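Please look through the sequence and the model below before reading on. The paragraphs that follow go from the ligand and its surroundings to a pair of strands.

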Amino acid sequence: MAPKSRKKKAHVSRSLTCYCEGSCPNNVSNGTCETKSSCFSSVQEVYDETTNSYEEERTYGCMPPEDNGGFLMCKVAASQVHGKHIVCCDNEDLCNRNLQPAFTPKLTTPSPDLPVSSESMQTFMLLGSVVMCAFVLTVVLLIVCLIYKRREKQRKPRLINSMCNSQLSPLSQLVEQSSGSGSGLPLLVQRTIAKQIQMVRLVGKGRYGEVWLAKWRDERVAVKTFFTTEEASWFRETEIYQTVLMRHENILGFIAADIKGNGSWTQMLLITDYHEVGSLHDYLSTSVITPQKLQLLAYSFSSGLAHLHDEIFGTPGKPAIAHRDIKSKNILVKRNGQCAIADFGLAVKYMSELDEIHIAQNTRVGTRRYMAPEVLSQALNPQQFEEFKRADMYSVGLVLWEMARRCYTPITGTKTTTCEDYALPYHDVVPSDPSFEDMHAVVCIKGFRPPLPARWQEDDVLATVAKIMQECWHHNPTVRLTALRVKKTLGRLDMDALNDMPMKIV
Ligand SMILES: Nc1ncnc2c1ncn2[C@@H]1O[C@H](COP(=O)(O)OP(=O)(O)OP(=O)(O)O)[C@@H](O)[C@H]1O
Ligand SMILES: [Mg+2]
């Protein structure tokens, strides 16, 4: 090592003459220069616009003194500068004149407009891909955001939105939107509706409460207020209405239920659709009907009951439900001429999987006039759910009889029509508020059933309805028709009336 450093010091002390070209002192084009370091010869590629290609350019000259970089610079430049090659020497004067360093030529010819080096090209491409990635990422993020927002919008309690919205959606729409399972509005919404109700006028009184026409916002609703003693009825009815898949066009549309109290009194409300025509009893008392209207009333009534009686298997499923208080006062008539079954305070639910019958906790019994013989004689086995359905079918027979009496037919040989006056079943054989004993004596002991006028045989619909009612009120419950059978038989009749639905009642 020692001799080498001595040799280096010797170089520094002497002056060296180098050939110069393109790097001469005083800006002369070529000649010589003096240095205490080394001479160099370099070659590099320079872009020539006229030939549209890279040309080699050679430079000769003196390296700056050793303490300013000198020989070291030769090495760094040679190894690091792409496209430029420097070779140095210091062994003799003008030693660089014949030095011909080689260079690595460019592989591509740049576009004439873009005389950019490969480095800037690389930088440019790198930048380009970064921008591209950022753009793609932004687009993807935007799409994800949009999808998320749309989902959120759909998931948001639309019903709450509609309630707060000044552009009100009709109540029916609100119920439709929220009760995907067909079991009614969420409790909080029900409470809110109940608070916003304005009573308009009393429309009817029953044994268990009053029915009011009321308004929620601009829509008419029916509000049933229960007497304080009838909490169990309210509870049962509310529970039945909120049974999954209960909603059906022939079952009164449930909107909300609410209960409030201060210890000494309890107010219980049930809010449902309002039907201005009123109950089937009200309607038949004041109107007569064509055979087509009879068919529609009877068909829609049996459809509602078939839905109620039917157990739906699956998830969600619906339990079978027996009504236990079928009568013309508990059936409402809609403007389109169809029936809607109401009043579920006594209903019984049954799930075959659990084999459990949920009997209402209340003490209320059905309406004696409409009670099946096995109910009157207390022969009904409450452990057998089918028996409740069969008892309902007995009452269906009586309701069909009430309907048929008001269906007018032509009197042969004349241009006039006729029908019977409205009457309650057994009106002629029992008092207005019959006791169990009265009904038992007539229905079970004497085996009476409502009379069937001869004229009913002259019309297809009336004759069919007459046959159905007899098969419904049979003394033997096991041979009675099912609601589904009644519906199918009425549906098979000349379809005119059913096809014409909806039919306006005037
Ligand atoms: N949703 C409704 N829309 C219009 N009117 C109704 C509605 N619900 C009931 N009504 C009317 O209110 C009356 C009273 O009904 P409510 O169910 O309280 O007693 P009811 O059925 O007449 O007798 P019961 O107490 O024996 O059931 C009905 O007869 C009917 O005229
Ligand atoms: Mg009622």
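In which pocket does ligand 1 sit? Ligand 1 sits in the largest pocket, where a pocket is an open set of points, on a 1 Å grid over the protein atoms alone, at which a 1.4 Å probe fits and which has protein on both sides within 12 Å along at least five of seven lines; a molecule sits in a pocket if more than half of its atoms lie within 2 Å of its grid points. This is a predicted model, in which local features need pLDDT of at least 70 and side-chain atom pairs count only at pLDDT 80 or more, while totals for chains, interfaces and linings use all residues. Residues are numbered from 1 along each chain as its sequence is written, chains are lettered from A and ligands numbered from 1 in the order in which they are written, and side-chain values use heavy atoms, with hydrogens and water left out.

Around ligand 1 there are 21 residues, the closest being R207, D273, D282, K327 and N330. A polar side-chain atom of K327 lies 2.5 Å from an oxygen atom of ligand 1, and for N330 such a distance to a ligand oxygen is 2.9 Å. Of the 600 Å² of accessible area that ligand 1 has on its own, the protein covers 90% (Shrake-Rupley method, 1.4 Å probe).

Elsewhere, strand 1 (residues 16–21) has five of its six residues buried, meaning under 20% relative accessible area with a 1.4 Å probe and protein chains only. Strand 1 runs antiparallel to strand 2 (residues 30–35), joined by six bridges, and C18 stands opposite C33 in strand 2.

Note on methods
Buried < 20%, exposed > 50% of the residue type's maximum accessible area, 1.4 Å probe, protein only. Helix = DSSP H or I, 4+ residues; strand = E, 2+ residues; numbered from the N terminus. Pairing = 2+ DSSP bridges. Near = heavy atom within 4 Å. Polar contact = N/O pair within 3.5 Å; in protein donor to acceptor, adjacent residues only side chain to side chain. 1 Å grid on protein atoms, 1.4 Å probe; cavity = no way out; pocket = protein on both sides within 12 Å on 5 of 7 lines; lining within 4 Å.
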